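Here is a friendly briefing to keep beside the structure as you look around. Please have the sequence and the 3D view open, and take the topics in any order you like.

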Amino acid sequence: MATSASVTSSQTPVVIVGAGPAGLLLSQLLDLEEVDSVLLEARSREYVLNRIRAGVLESSTVELLQAAGVGDRLRSEGMEHRGIYLQWPEERHHLDFVDLVGRSVWIYGQTEVTKDLMRARETAGQEAYYDVSEVSLHDLEGDRPTVRFVDSDGVAREITARAIAGCDGYHGPSRPAIPDRVQQIWEHGYPYSWLGILADVAPSTDELIYAWHPDGFALHSMRSESVSRLYVQVDADDDIANWSDDRIWDALATRLGDGQGGWRLTAGPVLEKGILPMRSFVATPMRHGRLFLAGDAAHIVPPTGAKGLNLAAADVALLARALVGWLRDGRTDLVDTYSDTALRRVWRCTHFSWWMTNMLHRHGDDFDAQLQLAQLRWVVRSDAAAAGLAENYAGLPIGY
Ligand code: FAD
Ligand code: DHB
């Protein structure tokens with residue numbers, strides 16, 4: 001390590017910007033193939049570990065985490081689900097993904113995935129800087145790209161790498177480092193949001209319930225045998241201050257059909273609540289020179305299809321293979337095709353998330369509502385339609 005005037009410089013094969021699921025999993029997959037990396041994260045370890053986010057893992061994500069050596073706790077503490085329920089007033093139907101497409105899904109919070117990956121990285125002894133600031137990316141078009149930042153002790157650092165992985169989410173500096181002239185942005189907004197709660201109460205259902213209702217969408221999910229996660233559709237400009245715990249539980253009871261057919265929703269203490277904006281967003285290409293984008297840095301989906309975390313995992317499975325092929329084995333074909341290959345799945349999941357969102361959220365007029373109900377009835381009555389939903393929800397193979 002050489003020190004110039006006031007910047008401490010070092011080198012590594014790969015700098016990974018962002019310690020969300022994409023960055024942490026990439027560092028683990030590279031380490032298993034003996035490719036070193038340095039991980040930079042703007043937040044503290046505690047902050048990253050305490051973020052409540054996604055909860056559903058596709059079967060291919062589960063297989064990937066297992067292959068990455070971080071699947072044991074997931075297999076013992078996660079909950080395997082055969083499918084989901086689709087519901088609208090007076091009707092609830094189970095879609096059995098195992099029967100339909102031979103694949104299940106697992107309920108295991110992103111918080112737990114993050115914990116397992118952070119532990120693995122610490123065990124591997126790979127370098128990580130948390131609480132960094134002023135992160136900037138340079139010389140992406142040359143063969144010695146550099147990341148500059150200030151560490152948690154206020155030391156200005158510069159790391160030169162062979163490749164930079166931009167895993168820093170929607171708000172990070174990696175995507176904006178790509179010049180406008182080579183980047184195309186594809187965006188779609190939705191006039192509603194999700195209000196989500198984490199509740200200290202046993203789930204009232206064995207598998208997730210996605211409910212269409214004239215008042216708006218509701219979802220009953222869970223994190224464990226004793227903790228539930230539930231969501232209701234609210235207006236995009238709504239304020240969490242408008243939603244007391246009682247109002248949220250009342251809305252959930254109505255939209256989820258409390259009392260119908262003897263089913264009851266059990267309310268409980270709300271541990272956390274917040275409003276999540278919804279958008280579809282894709283930035284192309286996912287590579288510029290020596291910078292490779294993965295996860296939310298390159299694309300955002302609305303949460304209805306439970307795809308955000310799974311898509312981030314699928315990107316880094318491809319990226320790890322491509323970087324190992326190049327940096328360790330000297331082949332460039334996989335880095336050259338990374339963006340096109342990743343984007344095939346990204347657009348598939350972007351379409352599926354948009355389709356699920358449009359089918360289940362109340363918007364438009366009464367005519368639109370009738371079309372939504374016609375579509376829901378078709379999905380539960382046609383094996384072909386049900387298998388289409390199942391194939392997408394339970395997950396396409398890596399490299400689709
Ligand atoms: P992130 O998890 O966003 O990680 C990016 C990391 O980069 C963060 O740790 C961030 O702090 C760091 N970073 C940012 N700027 C810098 C910088 N300058 N320098 C260094 N590091 C930086 N998906 C679902 O499927 N279901 C859900 O229920 C769901 N709920 C969500 C709720 C919320 C509030 C949010 C924001 C997302 C949710 N998602 C959900 C989406 C899912 O969590 C993401 O798709 C997933 O986290 C993507 O992982 P990632 O690693 O690409 O990005
Ligand atoms: C959860 C989130 C989702 O977006 C979804 O579709 C299903 C479950 C969850 O947080 O548990």
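In this predicted model, the axes of helix α9 (residues 333-360) and helix α10 (residues 366-381) come within 8 Å and cross at roughly 120 degrees. On the α9 side the contact is made by Trp 355, Asn 358, Met 359 and Leu 360, and on the α10 side by Gln 372, Gln 375, Leu 376 and Val 379. By type, the residues of this contact between α9 and α10 comprise five nonpolar, three polar and no charged. Two packed helices are described by the angle between their axes and the distance between the axes.

- The buried residues of α6 are Gln 110, Thr 111, Val 113, Thr 114, Asp 116, Leu 117, Met 118, Ala 120 and Arg 121.
- Just after α6 comes Gly 125, which takes a positive phi of about 75 degrees.
- Helix α8 runs over residues 308-327; its 20 residues reach 28 Å from first C-alpha to last, close to the 28 Å expected at 1.5 Å a residue.
- Most of α8 is covered, with 18 of its 20 residues buried.

**Around ligand 1**

- Ligand 1 has 28 residues around it, and those that come nearest are Glu 41, Arg 51, Arg 53, Gln 110 and Asp 296.
- Arg 53 places a polar side-chain atom 2.8 Å from an oxygen atom of ligand 1.
- Gln 110, one of the residues that come nearest to ligand 1, is also among the buried residues of α6.
- Tyr 231 has a polar side-chain atom 3.3 Å from an oxygen atom of ligand 1.
- From the backbone, a polar atom of Gly 308 lies 3.3 Å from an oxygen atom of ligand 1.

**Around ligand 2**

- Ligand 2 has 14 residues around it, and Tyr 210, Ser 221, Arg 223, Tyr 231 and Pro 303 come nearest.
- A polar side-chain atom of Ser 221 sits 2.5 Å from an oxygen atom of ligand 2.
- Tyr 231, whose side chain also has a polar atom 3.3 Å from an oxygen of ligand 1, has a polar side-chain atom 2.6 Å from an oxygen atom of ligand 2.
- Thr 304 takes part through its backbone, with an N or O atom 3.3 Å from an oxygen atom of ligand 2.

- His 299 is found in strand β24 (residues 299-300), and it counts as buried because its relative accessibility is 2%, under the 20% cut-off.
- The side chains of His 299 and Asp 315 are joined by a polar contact of 2.6 Å.
- Leaving aside residues up to four places away in sequence, His 299 touches Phe 281, Val 282, Met 286, Leu 311, Asp 315 and Val 346.
- Thr 205 is found in the loop between β16 (192-199) and β17 (209-211), and its relative accessibility of 9% is why it counts as buried.
- The side chain of Thr 205 reaches the backbone oxygen of Glu 207 at 2.6 Å.
- Again leaving aside residues up to four places away in sequence, Thr 205 touches Tyr 85, His 220 and Met 222.

**Backbone details to look for**

- Where does the chain hold a cis peptide bond? A cis bond joins Thr 284 and Pro 285, with omega about -5 degrees.
- Pro 285 lies in the loop between β21 (279-284) and β22 (287-288).
- Glu 90 has a positive phi, near 75 degrees, although this residue is not a glycine.
- Glu 134 lies in strand β11 (residues 133-138) and is exposed, with a relative accessible area of 64%.

Technical notes. Residues numbered from 1 in each chain as written. Chains lettered and ligands numbered in written order. Predicted model: local features only at pLDDT ≥ 70, side-chain atom pairs only at ≥ 80, totals over all residues. Heavy atoms only, no water. Buried < 20%, exposed > 50% of the residue type's maximum accessible area, 1.4 Å probe, protein only. Helix = DSSP H or I, 4+ residues; strand = E, 2+ residues; numbered from the N terminus. Axes fitted to C-alpha atoms, helices over the stretch in contact; angles between N-to-C directions. Contact = heavy atoms within 4.5 Å. Nonpolar A, V, L, I, M, F, W, Y, C, P; charged D, E, K, R; others polar. Near = heavy atom within 4 Å. Polar contact = N/O pair within 3.5 Å; in protein donor to acceptor, adjacent residues only side chain to side chain. Expected span 1.5 Å × (residues − 1).
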